[in-house]
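Please look at the model shown below together with its sequence. The report then turns to the ligand and to the residues around it.

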Amino acid sequence: MKQVVSFDRLARYEGNLPRYTSYPTAVQFTDDVGFSLYKEWLQALPEGEPVSLYLHVPFCDELCKFCACNTQVVNQEAIRTAYGDLLCDELMRLAGFLKTRRSVSFIHFGGGTPTTLPMIAMKKVMQTIYSLFDIQKDADISIELDPRHVSVEYFSNLHPLGFTRVSFGVQDLDPKVQKACGRIQSKELTAHCIDVVRQNHIHSVNIDLIYGLPNQTTESLRETIRSVVELKPDRLAVFGYAHVPWKFKRQTLLEGDVLPDSVERFQQRQVIDEILQEAGYQVIGLDHYALPHDTMSKAAQQGTLHRNFQGYTVDDAPALLGVGASSVSIVPQGIVQNHPSVAAYQKAMAGGGELPIVRGVERNEEDLLRWTVIERLMCDLHIDLKQVTSQYNKPDNFFDDALAKLKSFEDDGLVQITDYKITVTEEGRCFLRNIVVVFDTYYRVAPQRHAQAI
Ligand SMILES: C[S@@+](CC[C@H](N)C(=O)[O-])C[C@H]1O[C@@H](n2cnc3c(N)ncnc32)[C@H](O)[C@@H]1O
């Protein structure tokens, strides 16, 4: 068993913090930033550089009580199809606002459950993308799937449409945990889906897991992780359960015992980490694992891993353009978000030829500098501050206040600091959010805003 951080030290790092998938974080979005500014940003994107697309489909077939994603149960095919038409409409508007036809290196369909789009609607969306953008030959095109609600026929259409990667929600295999979460899904079903996608020429498979759920124990997780390893996913995202019932009332419906506290969560995370590393997975950033052949492992080794609203990514395009209700777009000049509810998104789309932006934030040079530091620490667990500050024409001592705040982390063995170089130790990995918050000048303590950091 690896050396663990002592429990009294753990208590000092408890608290709710942003996930740092962008900087500034979503808390800083305001309605001062809207369509007209985003349009200027789009038109100023350098020609010749690829863009990435994120498409959000906010529908599911069933409600998972733990879910903290923008989704709702919608079963009517007509509503799902009409939503697909709106995605096509928004894509056409977006392409119109870009100065030239762009090449696309990454496309991700997230949700909700994007396969709730009927195949005919999905084909229309993909054809619209192919008609408006030049999809690079080696483009990474991925989709999130719910193994309980996808047909063999749907799987067989993914590769012909260009999909290269799928992500399956699993969360936990223990029946007691599944019951508490209202998500019953056998290992056999997940295994069958993985076989079928692989037979259908999709060779990169991710599995999502969650720890910190009701009824989970280190022992039950040991079983789950051993079983998941047998499925040989190429990648795993292992999230700490984000309990934010003030945002998502469905979480108050969770059954079972009280939620594991931060000491139990920490121990659960350790068990998962040990089994996955023993099985040959490389640990990536805060919460991802990948086999050595996977592009995410290679990017982590080469220092080219990135972070965006989807979590860790190998996507290195300078602009991520979001489409669909609640989607977030990130360009160097700033970040914008579409209307989150389907009703408001539909209304905004019906209101004219604009993009359905509801809020956002403009980024200045200092925001970009701070994002560079936060992103590199979250991805590489290392940063040479002198090198970065000089790139942004700032003095070497620009981050002295932040370094002073890291002193207690250094004393706890979570970071090492020499000559403005910060290295997060293996012990410090699970405290990455606590470490990078010292570089966030906007952060204010507010209990009901973010999820638990550990
Ligand atoms: C939008 S969901 C898509 C999953 C897919 N629709 C399915 O049902 O399998 C993406 C992932 O977010 C993660 N997630 C959702 N709610 C979460 C929460 N409260 N805390 C941590 N992770 C969460 C889950 O691991 C989930 O698989």
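## Basis of the model

This is a predicted model, in which local features need pLDDT of at least 70 and side-chain atom pairs count only at pLDDT 80 or more, while totals for chains, interfaces and linings use all residues. Residues are numbered from 1 along each chain as its sequence is written, and side-chain values use heavy atoms, with hydrogens and water left out.

## The ligand and its shell

Around the ligand there are 20 residues, of which Phe66, Gly111, Thr113, Gln171 and Asp208 come nearest; a residue is counted as near if one of its heavy atoms lies within 4 Å of the molecule. The shell is made up of nine nonpolar, seven polar and four charged residues, where Ala, Val, Leu, Ile, Met, Phe, Trp, Tyr, Cys and Pro count as nonpolar, Asp, Glu, Lys and Arg as charged, and the others, Gly among them, as polar.

Polar contacts here are pairs of N or O atoms within 3.5 Å. A backbone N or O atom of Ala242 lies 2.8 Å from a nitrogen atom of the ligand, and a backbone N or O atom of Leu145 is 3.1 Å from a ligand oxygen atom. The side chain of Gln251 places an N or O atom 3.4 Å from a nitrogen atom of the ligand. The ligand taken alone exposes 580 Å², and the protein buries 91% of that, with areas taken from the Shrake-Rupley method and a 1.4 Å probe. Two or more shell residues are given by each of strand 6 (134-145), strand 7 (165-171), strand 8 (204-211) and strand 9 (235-240), strands being DSSP runs of E with at least two residues and helices runs of H or I with at least four.

## Annotated positions

Leaving out residues up to four places away in sequence, Cys67 touches Phe248, Arg250 and Gln251, contact meaning heavy atoms within 4.5 Å.

Cys60, in strand 3, is buried at 11% relative accessibility.

Key: Polar contact = N/O pair within 3.5 Å; in protein donor to acceptor, adjacent residues only side chain to side chain. Buried < 20%, exposed > 50% of the residue type's maximum accessible area, 1.4 Å probe, protein only.
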